[in-house]
Amino acid sequence: MKNLLKHDFYRIFHSKLALISLIIVAAFALALPAIFFGLEALVNIGIDEITTDADVTLFGAQFMFGLSYSLSTNVGIIVPIFGSIFVISDIRQGSTRNKLIRGYKKIEIFSSQSIVSMSYILTIITTYTVLTFLFSSLFFGFPDLGNVDILASLGQILLMGTVEFIFVSSLVVFGAYVTKNIALTILIIYGFALLMTLLATLVSGLPFLEKYQILMDLIPTYGSSVLSGLGAVSGTDTDIQMTLPIVDCVVNIIATLGFSVLNGFLGFLVFNNRDVN
């Protein structure tokens with residue numbers, strides 16, 4: 001298992017795919033804050049023509065940090081594609097069959113693929129979010145890191161965003177082993193993401209369900225989405241709640257990790273009961 005992990009880690013992190021993904025990540029990390037900075041400047045130009053009041057602050061590094069974990073924006077869309085290419089290419093090119101011939105068990109092969117895929121996806125998304133935060137701070141100014149509330153919010157965004165992409169990684173591996181097709185795997189990932197978004201919108205739009213917050217907490221993409229929204233306004237209103245309640249945070253993390261384990265279990269069942277050619 002140890003040698004298998006070394007092989008898979010070397011294969012992904014020394015591939016052209018890793019280099020290309022890092023270049024794209026760095027480009028988007030610079031481009032996104034620049035675009036939002038330009039939008040804010042245009043808004044303030046329009047306001048200046050109407051009033052002499054102070055400029056409006058619409059965005060900030062904290063908001064951009066939260067936004068960078070969204071599955072609906074640039075790198076959030078691209079990362080699962082890169083992960084799918086890695087796993088499916090291993091299946092299609094006969095690497096999986098060769099590993100079986102060399103005496104590795106299916107559970108070892110699947111576990112190695114899952115660990116390496118998760119590590120790759122988390123490396124890419126973490127690199128992107130950190131670079132986005134740094135570039136955004138240059139454009140909008142650094143957040144007051146001496147403010148405990150801001151630190152807590154950044155910490156929750158990092159934690160829940162990371163857990164969300166662990167779930168995404170599990171979906172990538174599940175889809176890859178079930179379909180062995182990149183397009184269908186991407187369809188599974190974004191079909192599920194769309195379904196979760198619609199569900200969250202539906203639940204949040206029904207007042208009589210407010211007392212059933214637990215329903216929202218069970219949605220894997222809920223936590224990081226809420227925190228990115230809180231980050232958007234935290235810079236202009238120090239009284240606003242900038243973190244999710246601890247109970248909601250813990251429930252969402254446990255639920256998301258639970259769904260990740262379920263994806264892994266189902267993916268392995270498919271792989272274990274399928275002949276490898």
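Reply: Let's begin with α4 and α7, whose crossing is right-handed; a crossing has that hand if the near helix is turned clockwise from the far one by less than a right angle, and is left-handed if anticlockwise. Keep in mind that this is a predicted model, in which local features need pLDDT of at least 70 and side-chain atom pairs count only at pLDDT 80 or more, while totals for chains, interfaces and linings use all residues. Residues are numbered from 1 along each chain as its sequence is written, and side-chain values use heavy atoms, leaving out hydrogens and water.

The axes of α4 and α7 cross at roughly 40 degrees and come within 9 Å. Such axes are lines fitted to C-alpha atoms, for helices over the stretch in contact, with angles from 0 to 180 degrees between N-to-C directions. The two helices are therefore oblique to each other, since angles under 35 degrees count as roughly parallel, over 145 as roughly antiparallel, 65 to 115 as roughly perpendicular and the rest as oblique.

Which residues of α4 and α7 make the contact? From α4 come G76, V79, P80, G83, S84, V87, I88 and I91, while α7 brings F165, V168, V172, V173, A176 and Y177; contact means heavy atoms within 4.5 Å. Sorted by class, this contact of α4 with α7 has 11 nonpolar, 3 polar and no charged residues. In that count Ala, Val, Leu, Ile, Met, Phe, Trp, Tyr, Cys and Pro are nonpolar, Asp, Glu, Lys and Arg are charged, and the others, Gly among them, are polar.

The axes of α4 and α6 come within 10 Å, with a crossing angle of roughly 155 degrees. That makes α4 roughly antiparallel to α6. This crossing of α4 and α6 is right-handed. On the α4 side you will find N74, V75, V79, F82, G83, F86, V87 and D90, and they meet Q113, V116, S117, Y120, I121, I124, I125 and Y128 of α6. By class, the contact of α4 with α6 has 11 nonpolar, 4 polar and 1 charged residues.

Now zoom in on V87. Leaving aside residues up to four places away in sequence, V87 touches Q113, S117, V172, V173, A176 and Y177. Along with F165 and Y177, V87 touches the most other members of the largest nonpolar core, which has 50 residues. A nonpolar core is a set of buried Ala, Val, Leu, Ile, Met, Phe, Trp, Tyr and Cys residues joined through side-chain atoms within 4.5 Å. Buried means under 20% relative accessible area, exposed over 50% and partly exposed in between, with a 1.4 Å probe and protein chains only. Among the elements that give two or more residues to this core are α1 (2-13), α4 (74-92), α6 (106-140), α7 (148-179) and α11 (246-272). Helix α7 supplies the largest share of this core, 12 residues. Another core of 5 residues lies apart from it, with M160, V163, C249 and I253 among its members.

The crossing of α7 and α11 is left-handed. By class, their contact has 17 nonpolar, 7 polar and 1 charged residues.

Two residues of α11 are worth a glance. L262 is found in α11, and it is partly exposed, with a relative accessible area of 39%. Its C-alpha atom is separated by 9.6 Å from that of F174, 88 residues apart along the chain. I254 is also found in α11, but I254 counts as exposed, at 57% relative accessibility.

Most residues other than glycine have a negative phi. At 36% relative accessibility, K180 counts as partly exposed.

Finally, step back to the whole chain. It has 11 helices and 0 strands; helices (H or I, at least four residues) and strands (E, at least two) are DSSP runs, numbered from the N terminus. Of its 277 residues, 45% count as buried. Among contacts with a separation of 6 or more, 82% are between residues 24 or more positions apart.
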